[in-house]
Structures are given as structure tokens and as C-alpha cells.
Amino acid sequence: MEDWPEDRRVLDMLPPDTALRQELHNELHARPTGRIRLPALVLQVAVLNQGISRERELEHLRRLSGQGELQLDQLAGTFLRLRLSGGTLKWERHTEFTSYTLVQSLPQAGPDGGLVGGLIIDPLWLRNIPGHTISAVELLMLVGEVEPPSRPLQQAQEWFGGQPVVASMLGRNGHSCAVTDFRLRPDGFERIVVVAPSATTETRAGRIAARLLELEAYRMMALLGWPVAKSLREMLSGAEQSLAMITQEMQASSRSDQELLDELKALAAQVEHAIAQYGYRFAASAAYQRIVASRLAELRETPISGTQTIGEFLQRRFAPAMATVEYTAGRLEALSQRIERAGGLLRTRVDIALEQQSQQLLARLTRGQELQFQLQRTVEGLSIAAISYYVVGLLYYLAKAAKEGGLSVQPELLTGLAIPGVVAGVWWLTRKIHHHLIAEHLGGDDRTPWTSGAAGLVQPPRGSLRGKR
């Protein structure tokens, strides 16, 4: 065993891996946090990628200087960090949006608070990113003292031109200060300024930047459900009123069940179409909201006297908007369930009406069978009389022929005496044929009489007849 190669000894220590083990394990490292050396400028542009293929984004990345050899197999995942001259560009593709994050050294500030000295990439390349912008953040990470908290706040306010700002001390011990005004600037970016001591490590600076940038990107994605929720208000109110009218008419029985069922089906189709069209949007907004809450918690904010924290400012408008989305999603689902219950009640009423009609039809058929049976018995009696008449007539002619032949008989007396026997014989023979036909076609016993009942001809139990016999 000592002669085995090192890799052979390691591989033979475990059973074979499941097909997904490597992918699931490496998910923890799929999007590593970048390292940022202060001071720095971090630009993030997040665009909706609906209808934008991965290959098209790759083609745009190739247009960067020095990235012409970028191959498609390098994009097997959803993350890529490109090293550029003077900084890095990080590409991340998510389910609904793609983010491009540029990290470079901080350019020189102009008198108006703008950045001069330029970016390390062509601004035209940013403009031509495929997709539609949902979030664009300009994060300035400065070096400065954080004690007392008024000092970093004053340093950061210089970048906002005197506009009101919100600010928070970040971390358990207030290791840095974040300041923003949550306003879009003329260039389309919103600005966030972070002030941290010179001793701040590159990994901590990277984590601070990632949390703030993700907070803003996911906030905007979560809010995509808010306009949808507002657009559904009128439809939901109308549908609820229509359902109330239908249920009222069901109770009053003022309209036919078929008309009510048709209206209920149309209403259910309208509501289910809305659920199918917007259900994903509401679910995605709820998921993004949870990520926003998680990123806010990770910031571990502490307030600065006289200034709202970032979390407090966000929750003032963000929380009501998300409550509207959640309420609308719940209202839509509840309306669907109420329509389903109303449809069930209406179908039950229709089923009961159909059952009553079936019972009435069965009763009419039963009465018809009883009348047919009574008519059959009447015809059967008349047939016995007619057959007996013809048989007696034949006996009379037979008796007359015997008298003419020399026999001493009285035809009239003999015929009269034969009538009871002929009638009894014809009746017995008719009943025998009747029982035979019933036994052959209905499965009865030719020895068992048949009577009429609610369901037609009924054969009584044999035990009762045997007892009578």
C-alpha cells in the first residue's frame, strides 16, 4: 500500500461521489466577495436580462480591452471576475437580472462633487450593456476617522452637495460609516459614501461594498411587484363584487343555475389568469424582500445622532410597498378559493336538481310499467275467455259428430259440463307459458309467481312461498 500513488490513496478512501456533490459543495464559493483596497470607487449596474442570452452578454464582455480571447466555456456558471488594467470587473448573472460591478481606485473629485480623471473602462461600454437598467450605484469608499460619528458624516456630506442624507455606523463596534441620499443623480447613478479607517482590511471593505450594493439591487427587484399590485386593485374589487352578487342570486334563486354557473366560470378564468400571469412576480418580490432584510441585518447598523439610519429610511416606504404586494397576492389567492367554494355549492345544487329530475323520471317509468302489467293481466284474462270459447266450440262440434255417428250423447249437456275444465286448463297453460318466459328472459323461476312493485315485476322470496305452501 505504501507503493500506491498519493492521488490513488486519497481517491480510494471514499465511495463514489454523487453526481451533484461537487456542484452543491462549490456553491458556497460560487460568488466570492471581492477584495477592495481603500480608497476606491465601486460602480454597479444591474440590468434586467429577460430576453438577453448569456452568449450576448459574453460578446459584450469581449469588447473590453484585453478580453478578446474570452471563451464561452469560461461561463459555465453565473459568475466571472475579469482583471483589467487598474481594477476588476465582476459579472454576475441572476435569474432575472445581471450585475456588472467595476472596482478601481478613486478618481480625483471635481468642484461640483463629480469624479474627474475618468474610469478605467469606456463609459460608452457601460451604456451599451445589453438589457434595461434597474439599479445603478456609485459607491465611494473613503479613508477617514470614524470617531466621533459626526466626523465621518461631515466628510461624506461633502459628496452630496448639501442634500439631506441618511447615515449609519456599521458593525458591532462601528468600524465604518455609510451615508446616502437615495436619489438618482443626473448621470443615472445613485451615490453611497462609505468612510472607514485606514486599517480596514481589504476583505472587510469588500464585504461592506457587497452588502450595500446587493441591498440596493434586491430592493429595486423586490419593488417590481408593487406596480403590478396597484394595477390589480380595480380588477380585484370588481371580481369580489361580482362574486358577492352571484352568491346573493344563488341564495335568492332569482336566476337559473346555468346562467350563474357560466358567470362563475368566466370569473374563475379571469382570476386564474391573473394568478398565472402575476403569481411569479409576487413570489419573486417576497424572496427579494427577504434578501433585503437579511442584508440590512448583516450591516448591524447603529444610529448617528440627528440622522435616520439607512434601515429606518428604507422601511418607511419600502415596507408599506411590500405589504401592499403581500396583501394583493393573498387577496388574489383568497378570491380564487372563494370562487372555488361558490362553484362547489352551485355544482351541488345542480346535482341535487338533476337527482330530483332523475327520481321523477324513474317514478313515471315505474307507473308506466305498473299500468303495462295491469293491462297485460287484463288482456291475459280476455285471452283465456276467448281461447276457452273456441275450445268449447270445438268440443260441441265433436259431440254433435259423435251423436250423428250413433253414440248416445247429448252435445249441449256435454259441452256445458266441459266448460269449467276447459277454462281451468287454458288458464293453467297460459300461466305456465307466462312463467317460462319470465324465467328465460328475467332469470326468475317458473314455479315462483311474479308480482308488480315500484320497480316493475318483483319476485318474492322463495322461503315465504314455501312456508305458504
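Analyst: The following dialogue takes up several kinds of feature in turn. This is a predicted model, in which local features need pLDDT of at least 70 and side-chain atom pairs count only at pLDDT 80 or more, while totals for chains, interfaces and linings use all residues. Residues are numbered from 1 along each chain as its sequence is written, and side-chain values use heavy atoms, with hydrogens and water left out.

User: What is a salt bridge, and how many salt bridges does a search of the whole structure find?

Analyst: A salt bridge is a side-chain nitrogen of Lys or Arg within 4 Å of a carboxyl oxygen of Asp or Glu. Searching the whole structure gives 13 salt bridges. One of them links R62 to E59, with the closest N and O atoms 3.0 Å apart.

User: Where do R62 and E59 lie?

Analyst: Both belong to helix α3, residues 54–62, and they are 3 residues apart, about one turn of the helix. Here helices (H or I, at least four residues) and strands (E, at least two) are DSSP runs, numbered from the N terminus.

User: Are R62 and E59 buried, partly exposed or exposed?

Analyst: Buried means under 20% relative accessible area, exposed means over 50%, and partly exposed lies in between, using a 1.4 Å probe and protein chains only. R62 has 24% relative accessibility and therefore counts as partly exposed. E59 is partly exposed as well, with a relative accessible area of 38%.

User: Which residue forms a salt bridge with R219?

Analyst: R219 forms a salt bridge with E216, and the closest N and O atoms are 2.3 Å apart. These two residues lie in helix α6, residues 202–222, again 3 residues apart, or about one turn of the helix. R219 is buried at a relative accessible area of 14%, and E216 is buried at 2%.

User: How are R295 and E298 placed in helix α9?

Analyst: R295 and E298 are 3 residues apart in helix α9, residues 257–299, so about one helical turn separates them. Salt bridges that share partners join R295 and E298 with R211 and E214 into one network. The side chains of R295 and E298 themselves meet in a salt bridge of 3.7 Å, N to O. R295 is buried, with a relative accessible area of 18%, whereas E298, at 28%, counts as partly exposed.

User: How far apart are R295 and R211 in sequence and in space?

Analyst: R295 and R211 are 84 residues apart in sequence, and their C-alpha atoms are 5.8 Å apart in space.

User: How is the packing of two helices described?

Analyst: Two packed helices are described by the angle between their axes and the distance between the axes. Axes are lines fitted to C-alpha atoms, for helices over the stretch in contact, and angles run from 0 to 180 degrees between N-to-C directions. In this model, α6 and α9 pack at about 155°, with their axes 8 Å apart. Angles over 145 degrees count as roughly antiparallel, under 35 as roughly parallel, 65 to 115 as roughly perpendicular and the rest as oblique. The helices α6 and α9 are therefore roughly antiparallel to each other.

User: At what angle do helix α8 and α9 pack?

Analyst: Helix α8, residues 233–252, packs with α9 at an angle of about 155°, with the axes 11 Å apart. This makes α8 roughly antiparallel to α9.

User: Which residues form a nonpolar patch on the surface?

Analyst: Patches are made of residues with over 30% relative accessible area and no salt bridge; like charges are joined within 9 Å, and nonpolar side chains (Val, Leu, Ile, Met, Phe, Trp, Tyr) within 5 Å. Accessible areas come from the Shrake-Rupley method with a 1.4 Å probe, and for residues only the protein chains shown count as cover. W427, W428, L429, I433 and L437 form a nonpolar patch, with about 550 Å² of accessible area together. W427 lies in helix α11, residues 411–442, and counts as partly exposed at 46% relative accessibility.

User: What should I know about backbone angles?

Analyst: Most residues other than glycine have a negative phi, and most peptide bonds are trans. A cis peptide bond joins L38 and P39, with omega about -10°. P39 lies in the loop between α2 (21–26) and β1 (40–48). The bond from E147 to P148 is also cis, with omega near -5°. As for phi, F182 is not a glycine, yet has a positive value of about 50°; F182 lies in strand β9, residues 176–184.
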